[in-house]
Structures are given as structure tokens and as C-alpha cells.
Amino acid sequence: MVRTMRRLVAVLTGGLAAAVLSLGLTDTAKAAAKPAPAGVEITGEGLAVPLRLRAEAAPAHVVAIIDQVNFLGRTGQAKGPKAADLGPKYTVVVFAGDVAKQTYDLYPKAVGGPRVYRPAKQPDARKTAAGWFLGRLNMSETLRTAGVPLERQFDTVSGGVGGGERVIPEDALNPAKGIDEAFGELQRLMLLNIAVALVITSGLAGIALLVRRRTR
């Protein structure tokens with residue numbers, strides 16, 4: 001009888017360990033697939049050192065800056081405004097973690113409206129065509145609120161031109177990611193509780209069956 005009880009305890013312990021290990025491996029795989037956090041680096045007129053922003057510390061600013069170049073299509077105009085009409089230039093480099101992915105030149109004070117220039121040579125070595133694009137009307141204010149020394153403008157409106165491909169993965173910029181992760185943790189906790197309950201229930205059923213056979 002004692003040996004049988006020990007075997008049942010061993011089975012229960014093994015089942016519980018297997019359930020926990022299975023959930024742990026699932027969490028590890030999900031963590032490995034988690035995309036690197038986004039970030040931007042801005043250099044240009046009035047900035048003695050590069051302005052570095054990361055999604056962990058300044059998510060709203062990072063999203064707003066990336067939105068200035070996130071709508072660009074595959075092709076742009078071959079020629080832009082004259083150099084004298086461009087105004088100050090600010091180079092924006094988009095990062096995924098610590099890896100530079102893309103770079104753009106922004107001209108928030110260009111005559112006729114903000115302009116964006118995308119060089120053909122990109123940090124991630126992807127093939128792209130150089131081109132000029134009309135920028136968003138709120139470019140100057142977006143850069144200013146992020147830390148670029150520009151004069152405040154009161155006549156800008158939010159948004160501007162849009163449409164096209166996204167620069168970095170959507171889930172890297174999802175402001176609701178924290179909520180999703182919280183629900184994911186809750187779901188994993190519920191699965192763990194269910195697994196433990198099933199193992200305990202199976203063990204108790206086995207013990208009850210064994211006792212019933214012994215008492216006959």
C-alpha cells in the first residue's frame with residue numbers, strides 16, 4: 001500500500017512538472033519571437049549631439065517621428081526643391097533595438113511645405129529608390145515636441161498626406177501591447193491552474209480507485 005501511494009505521488013509530481021515545463025517553454029519561445037523595440041535618432045541643425053529616443057522611454061515621440069516617414073510609397077519625385085528653398089535639414093534614422101534600419105532627411109521649413117528625402121542607400125542594405133516626398137503638415141511641431149530646437153507653429157494641423165507601406169512592424173509600435181501582454185500572462189496562469197487541477201484530480205481518482213479495490 002505504501003509503495004503504491006509513493007508511485008501515485010511520483011506520478012502526480014511528474015505530471016505537474018511536465019505541465020509547468022510545457023508552459024515555460026511556450027513562454028520562452030514567445031519571448032524569443034518578440035520584436036525588438038523601436039527607436040529613432042535625429043541629427044541636424046541646432047543639435048550639438050544626436051537626439052536619441054527609444055520606445056521604452058518615449059513611446060509617443062517615437063511613434064510620432066516614425067509617422068513622419070511611415071507613409072512613403074515605393075517611388076517619389078526624382079527632383080526636390082532648390083537647395084535655397086529647403087531650409088534646415090534633420091536626418092532621422094529608424095532603429096529596431098540597436099540596429100539601424102532606415103534613414104530619411106526631413107525638411108520641416110521647406111518652401112511650399114515640409115519635404116522628405118529618402119536616400120537610395122539604407123542602413124539595412126535593402127533595395128529602394130531614392131526620391132522626394134511631400135511631408136506631413138505637422139512635421140515641424142512633431143520634431144519640436146520631440147526635442148528638436150524649432151520655433152513653435154500654431155497654424156499646423158495634425159496629420160497630412162498619407163498612405164503607403166509601414167516602415168517597421170506594427171506590433172513594435174502598438175500602444176496596447178502592454179494590455180495584450182497582461183492578458184497573455186493571465187491566460188497562461190489560468191492554463192497552469194487548470195493543468196494542476198487536472199493532475200490533482202487524476203491522482204485523487206487513482207487513489208480512490210485503489211482504496212476501493214483494497215477494501216473489497
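With which residue does Asp124 form a salt bridge? The legends below answer this for a predicted model.

**View 1. Salt bridge of Asp124 and Arg126.** Asp124 pairs with Arg126, and their closest N and O atoms are 3.6 Å apart. Asp124 is partly exposed at 28% relative accessible area; Arg126 also counts as partly exposed, at 25%. The structure holds four salt bridges, one of which is this pair.

**View 2. Salt bridge of Glu41 and Arg52.** The two side chains meet at 2.9 Å, N to O. Glu41 belongs to strand β1 (residues 38-44) and Arg52 to strand β2 (residues 51-54), so the contact ties together parts eleven residues apart in sequence. Glu41 is buried, with 17% relative accessibility, whereas Arg52 is exposed, with 52%.

View 3. Glu141 and Arg144 bring their closest N and O atoms to 3.0 Å. Both lie in α3 (residues 139-146), three residues apart, or about one turn of the helix. Glu141 is buried at 13% relative accessible area; Arg144 is partly exposed at 24%.

View 4. Asp105 sits in β4 (residues 99-107). Asp105 is buried but has no salt bridge: Lys89, the nearest side chain of opposite charge, is 4.3 Å away, and the cut-off for a salt bridge is 4 Å. A polar contact of 2.9 Å links its side chain to that of Thr91. Residues touching Asp105 include Tyr90, Arg115, Tyr117 and Pro119.

**View 5. Pairing of strands β4, β5 and β6.** Three bridges join β4 to β5 (residues 115-118) in the antiparallel sense, with Leu106 opposite Val116. Strand β5 also runs antiparallel to β6 (residues 131-134), over four bridges; there Val116 has Phe133 as its bridge partner.

Note on methods: Residues numbered from 1 in each chain as written. Predicted model: local features only at pLDDT ≥ 70, side-chain atom pairs only at ≥ 80, totals over all residues. Heavy atoms only, no water. Helix = DSSP H or I, 4+ residues; strand = E, 2+ residues; numbered from the N terminus. Buried < 20%, exposed > 50% of the residue type's maximum accessible area, 1.4 Å probe, protein only. Lys, Arg positive; Asp, Glu negative; His and termini not counted. Polar contact = N/O pair within 3.5 Å; in protein donor to acceptor, adjacent residues only side chain to side chain. Contact = heavy atoms within 4.5 Å. Pairing = 2+ DSSP bridges. Lists of a residue's contacts leave out its neighbours within four places in sequence.
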